[in-house]
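Hello,

Here is the structure we talked about. Please look it over, then read the notes below.

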Amino acid sequence: MKILAIESSCDDTSAAVVEDGRKVISCKVASQIKDHQIYGGVVPEVASRKHIENISPLVKKTIEEANCSFKTIDALAVTYAPGLVGSLLVGVNFAKGLALGTGLPLVPVHHIKSHIASLYLSNPDLKPPFLCLVVSGGHSNIIEVKDYTKFKILGRTRDDAAGEAFDKVGRRLGLAYPGGVMLDKISENGNPDSFKLPVPLSGEDTYDFSFSGIKTAMINIINNYNQKNLELPINDLAASFRKSVVDCLVSNFLRAAKENGYRTLGIAGGVSANSLLRRELNEKCRSLHYNFYEPKLNFCGDNAAMVGSQAYYEFLSGKRASMNLNARAAMPIDGD
């Protein structure tokens with residue numbers, strides 16, 4: 001079964017043709033990084049306009065590269081929630097137009113579910129149930145994947161997402177956008193024990209995360225250096241901050257796995273590309289004899305291939321969208 005999928009939840013426009021939820025026939029991504037670099041972050045109005053410019057030619061190129069047509073495609077899929085509502089609307093309305101014009105069924109896909117599905121594209125042997133840590137610019141969740149379409153959140157961020165915290169601290173360090181990616185790179189040259197940062201939610205019996213406190217602590221350190229006109233030890237600051245965030249993510253995730261009886265673990269989302277996070281989880285899962293899965297780097301960020309993967313399982317479960325489908329800025333994964 002071939003599904004043409006569309007993703008436009010933030011600042012990347014993407015289209016893909018995916019077969020049987022596991023095989024990527026074609027996947028195209030139009031990045032907007034250069035368009036937002038001058039602002040130091042994503043500007044929603046700019047993102048929406050770029051999606052409008054990109055989506056039609058991108059879908060056309062994707063279908064051509066897949067060497068197929070709408071006659072050989074079995075269904076359409078689109079991300080409808082959560083995300084920037086203006087960006088989502090571009091993809092949703094385009095997909096609805098295609099469904100109306102071709103008569104193909106349309107499958108609505110939750111963005112976080114599709115991030116989890118990116119693991120299926122990279123690991124053909126992975127099947128639910130498993131425990132997944134989803135970390136991105138807008139989300140930080142520990143999720144029970146009970147089945148392909150059944151999920152339960154065990155832990156979530158109470159304030160900033162990990163990716164958002166990385167980006168904001170990266171910007172304050174003077175790093176180019178996207179700050180989180182650059183922060184990860186320079187951290188490799190720094191001493192992670194140079195600065196001691198507070199431990200979020202210390203003493204609380206929870207799987208939840210909180211990153212606003214360590215972000216604020218880091219910004220205060222940066223401000224203190226600037227006020228004294230001292231040179232910022234950028235590499236050490238970046239390494240210390242990265243270590244604090246990763247320690248929080250890893251400790252809560254592994255504790256949730258132990259206390260809920262999971263020995264198969266996965267990680268997904270844009271921050272799953274973080275080099276330290278990958279190393280720490282690989283090493284600790286190996287020592288605990290857990291099975292650990294991670295997506296290939298090209299499937300960590302927003303892409304339509306993961307949407308097509310999740311759509312396959314949603315289609316099998318009978319999920320379809322009508323022409324009344326609308327974009328949603330917020331939507332819990334266990335309330336979809």
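For the residue classes, Ala, Val, Leu, Ile, Met, Phe, Trp, Tyr, Cys and Pro count as nonpolar, Asp, Glu, Lys and Arg as charged, and the others, Gly among them, as polar. Keep in mind that this is a predicted model.

Second largest pocket. By those classes, its lining has nine nonpolar, eight polar and seven charged residues. The volume of this second largest pocket is about 360 Å³. It is lined by 24 residues, with P198, V199, P200, S244 and D247 closest to its centre.

Largest pocket. This one holds about 1,500 Å³ of space. Its lining takes in 46 residues; D11, S136, G137, D167 and Y177 lie nearest the centre. Helix 4 (111–122), helix 5 (162–172) and helix 6 (179–187) are the elements that give two or more residues to that lining. Helix 5 supplies the largest share, six residues. By class, the lining of the largest pocket splits into 18 nonpolar, 19 polar and nine charged.

Helix packing. Helix 7 (residues 212–227) and helix 8 (residues 234–259) have axes that come within 11 Å and cross at roughly 170°. Angles over 145 degrees count as roughly antiparallel, and helix 7 and helix 8 are therefore roughly antiparallel to each other. On the helix 7 side, the contact involves I214, K215, M218, I221 and I222. They meet L237, F241, S244 and V245 in helix 8. Seven residues of this contact are nonpolar, one is polar and one is charged.

Best wishes

Notes. Residues are numbered from 1 along each chain as its sequence is written. This is a predicted model: local features need pLDDT of at least 70, side-chain atom pairs count only at pLDDT 80 or more; totals for chains, interfaces and linings use all residues. Side-chain values use heavy atoms; hydrogens and water are left out. Axes are lines fitted to C-alpha atoms, for helices over the stretch in contact, and angles run from 0 to 180 degrees between N-to-C directions. Helices (H or I, at least four residues) and strands (E, at least two) are DSSP runs, numbered from the N terminus. Angles under 35 degrees count as roughly parallel, over 145 as roughly antiparallel, 65 to 115 as roughly perpendicular and the rest as oblique. Contact means heavy atoms within 4.5 Å. On a 1 Å grid over the protein atoms alone, a cavity is a set of points where a 1.4 Å probe fits but cannot get out, and a pocket is an open set with protein on both sides within 12 Å along at least five of seven lines; lining residues have an atom within 4 Å of a point. Grid points are joined across faces, edges and corners, and a volume is the space filled by probe spheres set on the points.
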